[in-house]
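This report is for a reader new to the structure.

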Amino acid sequence: DRHHPLQAGATLALARFPGDPHARRLMAAGSDDTNRFPDPWDRATLAAAVDRKDKAVALLAPLLEPGSEPQWRSSQVVRQLKALGAPAAVPVLERTARDPRWRLAAEAYLALHELDPESHALSTNQQEFLQQAGRGAKAAQDYFTQRQQRFAALEHKELKGFVRQMLQSTE
């Protein structure tokens, strides 16, 4: 049965074999098949496996709209866009960097730095701030003191815009 869930799972597993001509044909067809693959993430996985990166970006972009996905899934989308390395991902990540969800915006800034360093370069201070600010965990007071000292040592002028954005976050 062409619509059996096992067949869809088997087709997705083919993404590990992008060089096989038969697998490529099945994956290319699957990237357009909304009946067998209703999740855009799955169709994007198939599109990326057959080097249809712009299509993969177009399928992933709506998953970053506020309220469309849980935060963990949106973070996966940002990581996938970075991994694709497609120029089409840059405008999507630029929009995401302005997102009111701080952690997601921070991930987008870092992804842009890697994908397009000429236009989106970050200083070492900015990278450290984006990687650490807004993350919390239960830890001893010494850890928090050291963390605050590390933040205090960063160049404040470089971080002003990020701090403003983080403070207005909806998270």
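How are α7 and α11 oriented relative to each other: roughly parallel or roughly antiparallel?

## The pair α7 and α11

The model is predicted. Two packed helices are described by the angle between their axes and the distance between the axes. For helix α7 (residues 102-115) and α11, the packing angle is about 150 degrees and the axes are 9 Å apart. Angles over 145 degrees count as roughly antiparallel, and α7 and α11 are therefore roughly antiparallel to each other. The crossing in which α7 passes α11 is right-handed.

On the α7 side, the residues that meet the other helix are W102, A105 and Y109. Their counterparts in α11 are F162, Q165 and M166. By type, the residues of this contact between α7 and α11 comprise 5 nonpolar, 1 polar and no charged.

## Q165 in α11

Q165 belongs to helix α11, which covers residues 156-167. Is Q165 buried or exposed? Its relative accessibility is 17%, and buried means under 20%, so Q165 counts as buried.

Which residues does Q165 touch, apart from its neighbours within four places in sequence? They are A97, R98, D99, W102, A105 and Y109. With Y109, the side chain of Q165 also forms a polar contact of 2.7 Å.

## Helix α3

The buried residues are W41, R43, A44, L46, A47, A48 and A49.

What caps the N-terminal end of α3? The cap is D39, which has a side-chain oxygen 2.9 Å from the backbone nitrogen of W41. W41 is itself among the buried residues of α3.

## D51, after α3

D51 follows α3 and sits in the loop between α3 and α4 (53-60). Where W41 in α3 is buried, D51 is exposed, with a relative accessible area of 55%; the cut-off for exposed is over 50%.

Most residues other than glycine have a negative phi.

Methods:
Residues are numbered from 1 along each chain as its sequence is written. This is a predicted model: local features need pLDDT of at least 70, side-chain atom pairs count only at pLDDT 80 or more; totals for chains, interfaces and linings use all residues. Side-chain values use heavy atoms; hydrogens and water are left out. Helices (H or I, at least four residues) and strands (E, at least two) are DSSP runs, numbered from the N terminus. Buried means under 20% relative accessible area, exposed over 50%, partly exposed in between (1.4 Å probe, protein chains only). A polar contact is a pair of N or O atoms within 3.5 Å; within protein, one must be able to donate a hydrogen and the other to accept it, and residues adjacent in sequence count only if both atoms are side-chain atoms. Contact means heavy atoms within 4.5 Å. Axes are lines fitted to C-alpha atoms, for helices over the stretch in contact, and angles run from 0 to 180 degrees between N-to-C directions. Angles under 35 degrees count as roughly parallel, over 145 as roughly antiparallel, 65 to 115 as roughly perpendicular and the rest as oblique. A crossing is left-handed if the near helix is turned anticlockwise from the far one by less than a right angle, and right-handed if clockwise. Ala, Val, Leu, Ile, Met, Phe, Trp, Tyr, Cys and Pro count as nonpolar, Asp, Glu, Lys and Arg as charged, and the others, Gly among them, as polar.
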